[in-house]
Structure formats: C-alpha cells, structure tokens
Amino acid sequence: MMLQIENLHAQIGENEILRGVNLEVAAGEVHAIMGPNGSGKSTLANVLAGHEAYDITGTVLFEGEDLLALSPEDRAAAGVFLAFQHPVEIPGVGNLYFLRTALNSVRRQRGLGELDVMGFLALARERMKLVEMDESFMSRSVNEDFSGGEKKRNEILQMTVLEPKLAILDETDSGLDIDALRIVAGGVNALRGPDRALVVITHHQRLLDYIVPDQVHVMAGGRIVRSGDKHLALELEAHGYADLGQEVASDRSASVGATP
Amino acid sequence: MTTVTPTATTAPTATVAELLSHLRFPTSGPGPAWLTQARHRSAEWATMRGFPTLKDEDWRYTRLGPLLDVPFERAEAGADHRISSSTIEALTIDAESTRLVFINGFFAPELSSMTEVPDGVTVTNLASVLAEGGAGLEPFFSHPFGEHDHAFTALNTCLFEDGAFIHLPAGSLVTAPIELVFLSEAQGSPVVSNPHSLILAGPGSRVAVIETYAGNTGAITCTNTVTQVVLEEGAQVEHYKVQDEPDTGFHLALLDVRQGPESRFSSGSVALGSKIARNEVRVRLEGEGAEAAIDSLYLPCADQHHDNPILIEHAAPRCTSRQLYKGIADERGHGVFNGRIIVWPGAQGTDASQTNKNLLLSDHAEIDTRPRLEIFTDDVKCTHGAAVGALDEEALFYLRSRGVPHEAARALLTYAFAREVLDLIPSESLRTHVDTLVADQLLTDHDATGARSDE
C-alpha cells in the first residue's frame, strides 16, 4: 500500500478539523476527495505535506514509513507532492532558479546526481511544453503577479519536474476555464503510471471527466463519510451534499461520544 | 542608607578637547591659510558643542560610549608598504577603471591606478589640489559643520589628511565608474582616519563613483569620512558605497549632496561591516526639476549596529526624490532607519517617496524605523511607509514542500528580500560584486550567485 491513513486527527488550538480520517491509496490508483467547504479536505492535504500549524494524532504510513515523522523537505524527497490550492507568491526568487534548487535538493536526497544548468533547462523546457507554459514565466519571481490559472499551471509544472510518487491536488481545477483545465489534466495524466498514485481534491465532477478516478470519497465534518467508484461523483453532482446531512450529523455525534 | 552610583558604568569618555589634544591637533600641515583657519574654527566649534548624545534627535539610536572609550591614535602616513596589491585587487570592481586608494586617509599613489580621462576632467587626491592653493574650495570646508551640526563632521574638517578630488567641467562625460578605495590599517594601536572627498559635476556632465571602505580583520579603527557632491544644472552622478570595514571598527560617514536644476543623483549603498556604523546622507534639491534616488541595504548581524540617518530637502519646485532602505537584522544586530523629508515653502510640485522595509531574523535582533515628512507647501505628492517583519512562514513551507531544506529555504527568502535593492544597481560588474558580498553574508551553504545566472 502506498498511503495508509488511520484515525488521523488534526487541530489548531481548540479547533479540531480532522476527526478520524481513514484512507488507503494503492500505487497506480487515482482517488478523488469531494465534500462541502470546511469539511477538512485542504487540512488533510496540508497535514500530508507536513504543514507545522497542526497538532496531529493518528498514523500515516507512506510506503510503510511513518510519514508524520518526516520534515516537509524529507516528504518531498520521499515522493510526496502537494499542488496548493493557493500557491504563495515569492518575490525575489526566480521561478527557474527555484525549480532547479527544488529538483536538485530532491535528487540529492534521493541519492541521484544534481543536474547541471543545461541538463535542467532541457528538462524544464520539455515539461513547460507539456503544460503549455511560456518560457517568459521562468524569468519571473515564483508566482508573483501570476493569474490564478498561471499559478495552477506552475504547480503542475513543478509536479512534472519533481516526478513524485504520490501527488495531492488541492482544488487545482477551481478558477480554471475549460482550456486551462484540459492543459492541467494533460500534465497530470502524463505523470500517471503503475508506480504513482494521485489524490485529487475537487468540488466539481468536470475535472473527473479528464482525470478518471478509481475511487471517490466524500469528506464531511473532518471525516470520510462515504466512498464509492466514479459514479459517486456523478451522484453528488446531481444531488449535492444535502443527502449527506444525516451521515455528517451521526458522525459528529459518534466522534463527540467517543471523546471522554 | 545612601545610594552609590557605580563609577564603572559612567566611566569618563573623552571630550572633544581631550580627543583633539590626544590626536595632536593642530598639526602644521601644508595648505592654504583659509584651510588652517577653517580647521581652527571647526575645532573651537566642536569643542564648544561636544559630542552628540542620545538626547540629540539624530543620534538617539547610536550609543557613542564604545567609540569614545577607545584611545585612538592619529593615523600616520606610510602604511602603504604593509598593503599588498592582492588586497587591493580583492576590492577592485573593474580592473580597467580609474582607482584612487587611500590607506588610513592618506593617498597611496603606488596602489592606485589612473586611466585616461577626457580633457579638462580632474581625478586626483584632494591634498594635491589644496597644496596648490585650492582655489574656490573654501566654501566646502565651512558649510558641513556650519549648517549640519554635529561634532564629527567638524572633526573631519580639523583632521582630514586627504581624500578624492573629482572635477568635471561642463559637458564632460566619464563613462567607466571611478573607484575610491578607503582602507583602514591598524596593527596594535587603534587608529582614526578622516577622509574628505569632493565630487564636483559641472553643467551637463556625467560621472559614476564607487566608494569602498574596508580594513584588516580584527583592526580597531574609526573611519570618520565626509564626501561632498555638487551637481550643477543637468549633471548626472551615480554614486555607490560599499561599507565592509572589520566588525571590530567604527564607521561614521556623511554624504552631503547639493543639486542644481534638472540634475540627477543616485546613490546606493550596502552596509556589511563595522561594530558601529552610522551612514548619514543629506541631499538638498536646490534647483528646479532635480531628481534624487537613494537606496540602501544594511545587514547588521552578531553585535553590529547600523544607523541610517537620511535627510532630503526639497528646496525648489518640481523635484523628485525616492528612498528605498532595506534592513536585515540577525543575531543581536541592530538596524536603524531615521529618514526625513522636508518640503520647504515654494517647492510646489514636489514628488517624494520614502520606503523602509526590514526583516528580523532573530528574537534578539532589533530594528528601529522612523520615517518623517515635514511639508511646508501645498501641491506636493509625498508617500512614506515602513515595515518590520519576519520571514513569511507560508513561503518557507512552500519551498520546503518542494524539497528545499529548511536552512536553504530561509537563506533563499532572506536573499530574495535583499534582491529588490540589489536589482537597482545599474552597472553589471558592480551588481555582481555587491551580490557576492551580500550572498557571502546571507547564504552559508547556498549558491546564491546562481540565483541570478539562471536568468
């Protein structure tokens, strides 16, 4: 199993956001996570990437190793990648330099040799073509004054350069028009393979037309309340999350009841 | 019960009179009679005035005790032979350019290199000009202490031995930057030097000047330097200063600028060295349509103190001034921005901006920032702003989530903060030089120069 999450809880201060998440993702699989705003989807993504703002209990194994014990950079080296919902702007750090620093850091930690500038440029150009990104983006600062769609494409570019084993896409489709969505999905699909897995967090069924999931999960109230195959996404698209009300309510009471 | 004030904490620091006598003032140097008189007048003035204290508005952040307790000796000429040409080479920005080297304030011709300059242009040492009478220079030695009141500029007038003299007649252009290297050299006794330089740009002339201050590691030196720049109508002067003195030394500087109509002055600086450094800039926009741009990067770390007083006076209509000061304080470093813009009556159409941004990298570091505007006329556009912050945690997480190790990510973001000021340096060779110095200080195991070469 590539990723095993067991009874994962996360809170900031008194605010418990994840309330016992269980999830297993095998290599080669695509999992979609859907659910209403505030259900904990982005928190789950951030916790997996190593954000330090949370108090965490539970177990997360990545290829059998304790993921929660690793620093964010060690997780990246191990092969975990998060495409952020809101990529941060970093004035003064060149996009291309950042990408090369990241790739060489990861390669060093994976025991591979660093790529020289020419080798790196060849790789970067190829991957930029994949996400239809103009080279002029490379001389700009990381995400600075990028449009929403450009930021998302930049995330996918980083992903295709770093070649993670497990990629988590946090609402990468939100705010994208249909052409941008097609480009982003193309980048994601190029990375798919029997050794890699994908967790796609989304509000919309339409992304799943391009990236077809093996399993769909619904998160509500900090837990996964329903799982099914790709048809679950269509059902949610048709009926919304209103039908989940009962399950969410009972889950909450169960979780409260379990806490002394 | 009686309260006893411990005398150790109020140990007597030297008075101006004691210092002058210790430094054997007056010395009977060559020079015109008016200069001897000016030196005496400023000695009297400084003695009466005394050293600045924390009660002086412009000195409230700089404690002079550690400086005034040091038994400085007057620098002697002839330390040149202790300086190797490789020391000078390391401080050289462009090997082809004209370079004047001063050791402890004395001109060192054999370490300097002169290149062809256009007809009528003078690039030499000030003492040689004064030895020939220094015709027309008298006003430059009355005004700095006459109008700008603190003891150190007056002491500079009393004690200066030499400095650079650059004069450009109307319409002359000097394309390659002129490098002025001021080296402090002390073996054993603490040494004080007082360089004084004049840059006089005639109507429509153009020149670039780079001042570098450095010294031997561990030396206890005090550099009390004054540079005066005068731009006549339409002149353009690009000035840059690298302050990289030993972190055991003291650096007190005044850059005093007067601008005529439609002239353009820019000055950038980077402060890396000294235990206590005070880098004062005063610009007076006296002619209509003059423009000034002052940028600075100060990087106090360990126990360093970097004070940056700046005064820009808009004294004529339609002048523009811009300031960008950025500070990065680490460990127990202390950075100060004390900026003031005065818009005098009649300076309508003034466009002035003042920005100070600071990064605090340690809980023990300190930043004081004090942007001030004083406006005595209508129809002006003035903006100012100051900010002090820590590294952006979300940006740090973003870099780490891509595999960049924590320390390298911190270094990368710190360097990125400095870069806005470095990018303003117009000359590529100078930018590369300063970039390397800054990267050496900010980045330990990180290849910073690569940050630029990729682009």
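B:R206 stands opposite B:Q236 in β11(B). These residues belong to a pair of parallel strands, β9 (residues 206–215) and β11 (residues 236–244) of chain B, which nine bridges join. Strands here are DSSP runs of E with at least two residues, helices are runs of H or I with at least four residues, and both are numbered from the N terminus. Two strands count as paired if DSSP finds at least two bridges between them.

This is a predicted model, in which local features need pLDDT of at least 70, side-chain atom pairs count only at pLDDT 80 or more, and totals for chains, interfaces and linings use all residues. Residues are numbered from 1 along each chain as its sequence is written, chains are lettered from A and ligands numbered from 1 in the order in which they are written, and side-chain values use heavy atoms, with hydrogens and water left out.

The β9–β11 pair of chain B is part of an open sheet of 10 strands with mixed pairing, in the order β3-β2-β6-β9-β11-β13-β15-β17-β19-β21. At the edges stand β3 (106–107) and β21 (380–389) of chain B, each with a single partner strand, so one side of each has no neighbour in the sheet. Strands of a sheet pair through backbone hydrogen bonds, either parallel or antiparallel.

B:R99 lies in strand β2 (residues 99–103) of chain B. Is B:R99 buried or exposed? B:R99 is buried, with a relative accessible area of 6%; buried means under 20%, exposed over 50%, and partly exposed in between, with a 1.4 Å probe and protein chains only. Leaving aside neighbours within four places in sequence, B:R99 is in contact with residues including B:D94, B:S112 and B:E179, where contact means heavy atoms within 4.5 Å. B:H384 is found in strand β21 of chain B and counts as partly exposed at 38% relative accessibility. Not counting residues up to four places away in sequence, B:H384 touches B:Q354, B:P371, B:R372 and B:L373. The C-alpha atoms of B:H384 and B:S353 are separated by 5.6 Å, although the two residues are 31 residues apart along the chain.

Chain B is divided into domain 1 (16–390) and domain 2 (393–455), with bounds that come from an automatic or database domain assignment. The C-alpha centres of the two domains lie 28 Å apart. Their contact takes 26 residues from domain 1 and 18 residues from domain 2. Within chain B, the peptide bond from B:F25 to B:P26 is cis, with omega near 0 degrees. B:P26 sits in the loop between α1 (16–22) and α2 (33–49) of chain B.

The largest nonpolar core has 111 residues, and A:I5, A:L44, A:I90, A:I168, B:V434 and B:V438 touch the most other members. Such a core is a set of buried Ala, Val, Leu, Ile, Met, Phe, Trp, Tyr and Cys residues joined through side-chain atoms within 4.5 Å. Helix α9 (residues 406–422) of chain B gives the largest share of this core, 11 residues. Both domain 1 (16–390) and domain 2 (393–455) of chain B contribute residues, so the core lies between them. Another core, of 37 residues, lies apart from it and has B:V123, B:L168, B:V257 and B:Y298 among its members.

Chain A has nine helices and 12 strands. Buried residues make up 52% of its 260 residues. A compact globule of 260 residues would have a radius of gyration near 18 Å, and chain A agrees with 18 Å; the radius is taken over C-alpha atoms, and the globule rule is 2.2 Å times the number of residues to the power 0.38.

In chain A, eight bridges join the antiparallel strands β1 (residues 3–12) and β2 (residues 15–25). Which residue is the bridge partner of A:Q11 in β2(A)? The partner is A:E16. The hairpin of β1(A) and β2(A) has two residues between the strands, and A:G13 takes a positive phi near 60 degrees.

Most residues other than glycine have a negative phi, and most peptide bonds are trans. A:E63, which is not a glycine, has a positive phi of about 50 degrees. A:E63 is placed in the loop between β4 (55–62) and β5 (65–66) of chain A and is partly exposed, with a relative accessible area of 41%. A:D145, also not a glycine, has a positive phi of about 60 degrees. A:D145 lies in the loop between β8 (141–142) and α5 (148–162) of chain A and counts as exposed at 63% relative accessibility.
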